[in-house]
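I opened the model today to go through its secondary structure, confidence, surface and contacts. My notes follow in the order I looked things up.

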Amino acid sequence: GVMPPINLGSALPVGAVNASTIRNSTAGNGRSEKAASPAPSPKPAPIRSVALDPGAAPVDADRVRIVRQAVEAGTYPLLPARVADAIIAAGLLLRSGK
């Protein structure tokens with residue numbers, strides 16, 4: 001069957017949070033507004049896993065140098081039609097999930 005569309009209603013504007021609004025809204029929960037705030041705890045070091053380490057990025061420094069020199073010299077063959085085709089193909093791949 002076909003699922004009906006989900007209506008989320010209108011979005012509320014995003015802006016800065018007013019701290020007094022938050023304090024006022026929590027004042028009626030039985031807690032005192034002047035409760036002592038806990039001392040900030042030191043941030044724990046992130047746990048690093050060797051299995052999740054991607055290693056160095058696969059960059060061919062020589063190729064980057066050659067392309068950079070060609071772009072600076074104006075000899076790099078930039079073809080707008082090929083660039084557009086690649087962008088469209090990448091968008092199609094993202095939508096297909098492959």
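How many helices and strands are there in the protein chain? I found 3 helices and 0 strands. Reading along the sequence, I noted the pattern α-α-α.

**Confidence.** I kept in mind that this is a predicted model. The protein chain has a mean pLDDT of 74, and 56% of its residues reach 70 or more. I then went through the elements: helix α1 (residues 19-26) has the lowest mean pLDDT, at 53, while α2 has the highest, at 92. Where pLDDT is low, the predicted coordinates should not be read in detail. I therefore leave the coordinates of such parts alone.

**Helix α2.** I checked the length of this element next. It has 13 residues, and from its first C-alpha to its last it reaches 18 Å. That is close to the 18 Å expected at 1.5 Å a residue. Just after α2, I found Gly 74 with a positive phi of about 80°.

**Salt bridge.** How many salt bridges does the structure hold? I counted 1 salt bridge. Its partners are the side chains of Asp 62 and Arg 65, at 3.7 Å from N to O. Where do the two residues sit relative to each other? Both are in helix α2 (residues 61-73), and because they are 3 residues apart, about one helical turn separates them. I also looked up their accessibility. Asp 62 has a relative accessible area of 47% and is partly exposed. Arg 65 is partly exposed too, with a relative accessible area of 42%.

**Surface.** I turned to the protein chain as a whole. It exposes about 9900 Å², of which carbon and sulfur atoms supply 63%. Of the 98 residues in the protein chain, buried residues make up 2%.

**Nonpolar patch.** Which residues form a nonpolar patch on the surface? I listed Val 71, Tyr 76, Leu 78, Val 83 and Ile 87. Together they have about 480 Å² of accessible area. Is Val 83 buried or partly exposed? Its relative accessibility is 40%, so Val 83 counts as partly exposed. The patch takes residues with over 30% relative accessible area, and the 40% of Val 83 is the value I set against that cut-off.

**For the record.** I come back to α2 as the element with the highest mean pLDDT, and to the salt bridge between Asp 62 and Arg 65.

Definitions and conventions:
Residues numbered from 1 in each chain as written. Heavy atoms only, no water. Patch = residues over 30% accessible without salt bridge, like charges linked within 9 Å, V, L, I, M, F, W, Y side chains within 5 Å. Areas by Shrake-Rupley, 256 points an atom, 1.4 Å probe, with all protein chains shown as cover. Salt bridge = Lys/Arg side-chain N within 4 Å of Asp/Glu carboxyl O. Buried < 20%, exposed > 50% of the residue type's maximum accessible area, 1.4 Å probe, protein only. Helix = DSSP H or I, 4+ residues; strand = E, 2+ residues; numbered from the N terminus. pLDDT = per-residue confidence, 0-100. Expected span 1.5 Å × (residues − 1).
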